[in-house]
Amino acid sequence: MNPEMRRVVTEAEAAAQGGWSAEEVAALAASTLNLRVDEPELQRILSLPIADHGFREEVFTTDPAFHASVFGLRAGETIPLHDHPELDVITKVLRGRLRVQTFEWIDAASLTARECGEVVIGDADDALVLRKSPGTLHVVTAIEATAFLDLFAPYYDDVMRPCRYYAIAGSSASGDIADGNMEGIQLRLVSWEEARSCPAPLTKP
Ligand SMILES: [Fe+2]
């Protein structure tokens, strides 16, 4: 972690102890704008071992109120559709480029969601901010080898805020939906193993 990144992480951690306000989220996201890693650092991150959750992650700090880490994805690798229950998340690309397809809950109890579009973010772009309300889900795919900083407040836990993976209910193994209707998408919970086998839930017609 370089000094500038340490400064931002320290600031984010201090603010997270009372939960981030909307203003704090905006200020923290802005403060990540110039964060970068160079090519050797990207390669070091990409050489990290795959953690139990299935990704290369270097954790800077973690506790129930806050978590900061850097993830490394090789070109084409995907983090399957998952949610951030009750979490605010700031994602800043440090090097490379990501495609992020986001959804939000219409009704989390019945696992009904709507698609909110897709963005491509690179290291020159603003951080992606995903607020806890109305509850965001997303799929992250690396267009090229990418390292990104994730700041969470609070952080997942196994009981109250578990990280869950989803697929389109009734979708094919590749996740395509045939009718192109993006409203009221019915999701179903899947295991990590199944999520990995169909990481991209939608292919646009
Ligand atoms: Fe996420």
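This is a predicted model: local features need pLDDT of at least 70, side-chain atom pairs count only at pLDDT 80 or more; totals for chains, interfaces and linings use all residues.
## Overall make-up

The protein contains four helices and 11 strands. Of its 205 residues, 33% are buried.

In soluble globular proteins, nonpolar side chains tend to be buried together. The largest nonpolar core of this model has 48 residues, and the members that touch the most others are Ala12, Leu94, Phe148 and Leu151. Strand β9, which spans residues 146-153, supplies the largest share of this core, with six residues.

The surroundings of Phe148 can be listed individually. When residues up to four places away in sequence are left aside, Phe148 is in contact with Val70, Phe71, Thr91, Lys92, Val93, Leu94 and Leu98. Leu94, one of these partners, is also named with Phe148 among the core residues touching the most other members.

## Packing of α1 and α2

Two packed helices are described by the angle between their axes and the distance between the axes. Helix α1 covers residues 3-16 and helix α2 covers residues 22-31; their axes come within 10 Å and cross at roughly 170°. Angles over 145 degrees count as roughly antiparallel, and α1 and α2 are therefore roughly antiparallel to each other.

On the α1 side, the contact involves Val8, Glu11, Ala12 and Ala15, which meet Glu24, Leu28 and Ser31 of α2. By type, the residues of this contact comprise four nonpolar, one polar and two charged. Ala12 takes part in this helix contact and belongs to the largest nonpolar core as well.

How values were computed: Residues are numbered from 1 along each chain as its sequence is written. A nonpolar core is a set of buried Ala, Val, Leu, Ile, Met, Phe, Trp, Tyr and Cys residues joined through C-beta atoms within 7 Å. A residue is buried if 20 or more other C-beta atoms lie within 10 Å of its own, exposed if 12 or fewer, and partly exposed in between; C-beta atoms are placed from the backbone. Helices (H or I, at least four residues) and strands (E, at least two) are DSSP runs, numbered from the N terminus. Two residues are in contact if their C-beta atoms, placed from the backbone, lie within 7 Å. Axes are lines fitted to C-alpha atoms, for helices over the stretch in contact, and angles run from 0 to 180 degrees between N-to-C directions. Angles under 35 degrees count as roughly parallel, over 145 as roughly antiparallel, 65 to 115 as roughly perpendicular and the rest as oblique. Ala, Val, Leu, Ile, Met, Phe, Trp, Tyr, Cys and Pro count as nonpolar, Asp, Glu, Lys and Arg as charged, and the others, Gly among them, as polar.
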